[in-house]
Amino acid sequence: MTADQEELRRPDDSATETVHVVLPNDANPLGFMLGGSVMHLIDMAGAIASHRHTRSRVVTVSVDGVEFLHPVRVGDLLILRSRVTCAFRTSLEVEVEAVSEEALTGTRRLTSRAFLTFVAIDANGRPTPIPPLQVEAPADVRRAEAARARRVQRLETRGRLASNDFSL
Ligand SMILES: CC(C)(COP(=O)(O)OP(=O)(O)OC[C@H]1O[C@@H](n2cnc3c(N)ncnc32)[C@H](O)[C@@H]1OP(=O)(O)O)[C@@H](O)C(=O)NCCC(=O)NCCS
């Protein structure tokens, strides 16, 4: 593989699917998976796709609103799918879907979808440039356009937050 080819990164190159067995340690006393445990797995799934795209250290800088559509029970499987939607200069957006699967029936339900932004950092913790994302398939082009629009909103929110002092 040439150096030029190595720099070509497509969404499929870093797309990731992991499967997690929900254990009692992930759950509340009623046997339902904790929202925080789902969010942890979403963050990890996003980080893996980001590492694969950037081949750098990455940190999470933003997570858009996460909703929990259905309860996930101890003994279920949780499938995490992550895909880079758009790469910017040092940051990238990753879409993560969490799908529950009942172990005994195989019934699958979309539990959560989240958009996370990661920043690649160098050994000194400073943002460092990342490879561009090559999008060709119409669905990937649409994802990238939507990601750019979300980024504008996020940076506005960040600006407002940064200009605030403690409020509690
Ligand atoms: C990530 C971090 C290194 C960025 O440092 P910074 O001084 O804000 O750097 P910049 O302002 O140059 O931003 C770097 C990139 O992040 C993007 N960014 C920063 N905050 C963002 C936000 N809330 N949403 C989306 N993108 C954001 C910037 O747009 C920029 O992207 P680009 O280079 O692709 O255009 C710093 O904010 C940090 O360390 N944050 C804490 C991260 C962390 O601890 N995460 C949890 C544990 S993993």
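Let me begin with Ser56, which is partly exposed because 19 other C-beta atoms lie within 10 Å. On the scale used here, C-beta atoms are placed from the backbone, and a residue is buried with 20 or more other C-beta atoms within 10 Å of its own, exposed with 12 or fewer, and partly exposed in between. Ser56 sits in the loop between H3 and S2. Helices (H or I, at least four residues) and strands (E, at least two) are DSSP runs, numbered from the N terminus.

Setting aside neighbours within four places in sequence, Ser56 is in contact with Ala120, Thr128 and Ile130; a contact requires that the two C-beta atoms, placed from the backbone, lie within 7 Å. Ser56 and Met33 are 23 residues apart along the chain, and their C-alpha atoms are separated by 31 Å.

A word on provenance. The model is predicted: local features need pLDDT of at least 70, and side-chain atom pairs count only at pLDDT 80 or more, while totals for chains, interfaces and linings use all residues. Residues are numbered from 1 along each chain as its sequence is written.

Regarding confidence, pLDDT is the predictor's confidence in each residue, from 0 to 100. The protein chain averages a pLDDT of 94, and 96% of the residues score at least 70. Over residues 1-5, however, pLDDT stays under 50, and the model has 1 contact beyond four places in sequence for that segment. Where pLDDT is low, the predicted coordinates should not be read in detail.

Next, the overall architecture. The protein chain has 4 helices and 5 strands, in the order α-α-β-α-β-β-β-β-α along the sequence. Its C-alpha atoms fill a box of roughly 50 × 50 × 30 Å, taken along the principal axes. Of the 168 residues, 31% count as buried. Among contacts between residues at least 6 apart in sequence, 74% join residues at least 24 apart.

I turn now to helix H3. H3 has 20 residues and reaches 28 Å from its first C-alpha to its last, close to the 28 Å expected at 1.5 Å a residue; the expected span is 1.5 Å times one less than the number of residues. Its buried residues include Val38, Leu41, Ile42, Ala45 and Ile48. The buried residues of H3 pack against helix H2 (11-14), strand S1 (16-21), S2, S3, S4 and S5. After H3 comes Arg55, whose phi is near 50 degrees, a positive value in a residue other than glycine. Arg55 lies in the loop between H3 and S2, and it counts as partly exposed because it has 14 C-beta neighbours inside 10 Å.

Which residues have the most contacts inside the largest nonpolar core? They are Ile42 and Val96, in a core of 30 residues. Such a core is a set of buried Ala, Val, Leu, Ile, Met, Phe, Trp, Tyr and Cys residues joined through C-beta atoms within 7 Å. Helix H3 (35-54), strand S3 (77-87), strand S4 (91-101) and S5 each supply at least two residues of this core, and H3 gives the most, with 7 residues. Beyond four places in sequence, Ile42 is in contact with Val66, Leu80, Val96, Ala98, Ser112 and Ala114.

Ala87, in strand S3, counts as buried because it has 26 C-beta neighbours inside 10 Å. Arg109, in strand S5, counts as partly exposed, with 14 C-beta neighbours inside 10 Å. Not counting residues up to four places away in sequence, Arg109 touches His70, Val99 and Ser100.

How many residues of H4 are buried? The number is 2 of 25, so H4 lies largely in the open. Its end C-alpha atoms are 36 Å apart, which agrees with the 36 Å that its 25 residues should span at 1.5 Å a residue.

Finally, the ligand. It is surrounded by 16 residues, the closest being Ser62, Phe88, Arg89, Thr90 and Ser91; a residue is near a molecule if its C-beta atom, placed from the backbone, lies within 6 Å of it. Strand S2 (57-63), strand S5 (108-121) and helix H4 (138-162) each give two or more residues to this shell. The shell divides into 7 nonpolar, 5 polar and 4 charged residues. Here Ala, Val, Leu, Ile, Met, Phe, Trp, Tyr, Cys and Pro count as nonpolar, Asp, Glu, Lys and Arg as charged, and the others, Gly among them, as polar.
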